Amino acid sequence: MATKAVSDESFESDVLNALGPVLVDFWAEWCGPCKQIAPALEEISDEMAGELTIAKVNIDDHPMTPGKYGVRGIPTMMIFKDGQVVSTKIGAMAKGKISEWVKESL
């Protein structure tokens with residue numbers, strides 16, 4: 001299952017009202033560290049299909065949602081469960097560290 005592009009308009013239905021946990025990656029096209037973690041997020045999305053949805057919000061195209069959640073630096077990853085943020089990580093991490101964080105948060 002590939003990562004899902006989410007907009008300001010679809011955030012409520014795609015993330016807040018999602019069945020099951022959602023990892024949201026706040027990113028931008030010009031962000032080098034964001035590009036570094038993108039392949040790892042795709043792999044984790046495939047490995048955890050059915051357990052976790054990975055959503056991506058482009059902060060340049062959709063600035064309202066990152067503003068609402070206080071995103072100050074990217075990449076910022078947040079895990080949402082039942083419409084609430086349960087964990088946040090800022091900055092690029094190796095795939096193993098992201099997977100470890102996700103499993104601890106679920």
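**View 1. Five strands form an open, mixed sheet in the order β1-β3-β2-β4-β5.** Strands are DSSP runs of E with at least two residues and helices are runs of H or I with at least four, numbered from the N terminus; two strands count as paired if DSSP finds at least two bridges between them. The edge strands, each pairing on one side only, are β1 (4-5) and β5 (84-90). The model is predicted, local features requiring pLDDT of at least 70 and side-chain atom pairs pLDDT 80 or more, while totals for chains, interfaces and linings use all residues. Residues are numbered from 1 along each chain as its sequence is written, and side-chain values use heavy atoms, without hydrogens and water.

**View 2. Strand β1 pairs with β3 (residues 53-58) in the parallel sense.** Two bridges join this pair. Opposite Ala 5 stands Lys 56 of β3.

**View 3. Helices α2 and α4 lie across strands of the sheet.** Helix α2 (residues 32-47) lies across β2 (22-27), β3 and β4 (76-81), at about 155° to β3. Helix α4 (residues 95-105) lies across β2, β4 and β5, at about 25° to β4. Axes are lines fitted to C-alpha atoms, for helices over the stretch in contact (heavy atoms within 4.5 Å), and angles run from 0 to 180 degrees between N-to-C directions.

**View 4. Phe 26 has contacts with residues including Val 57, Ile 59, Val 71, Ile 74 and Met 78.** Neighbours within four places in sequence are left aside. Further contacts of Phe 26 include Thr 65, Pro 66, Pro 75 and Thr 76.
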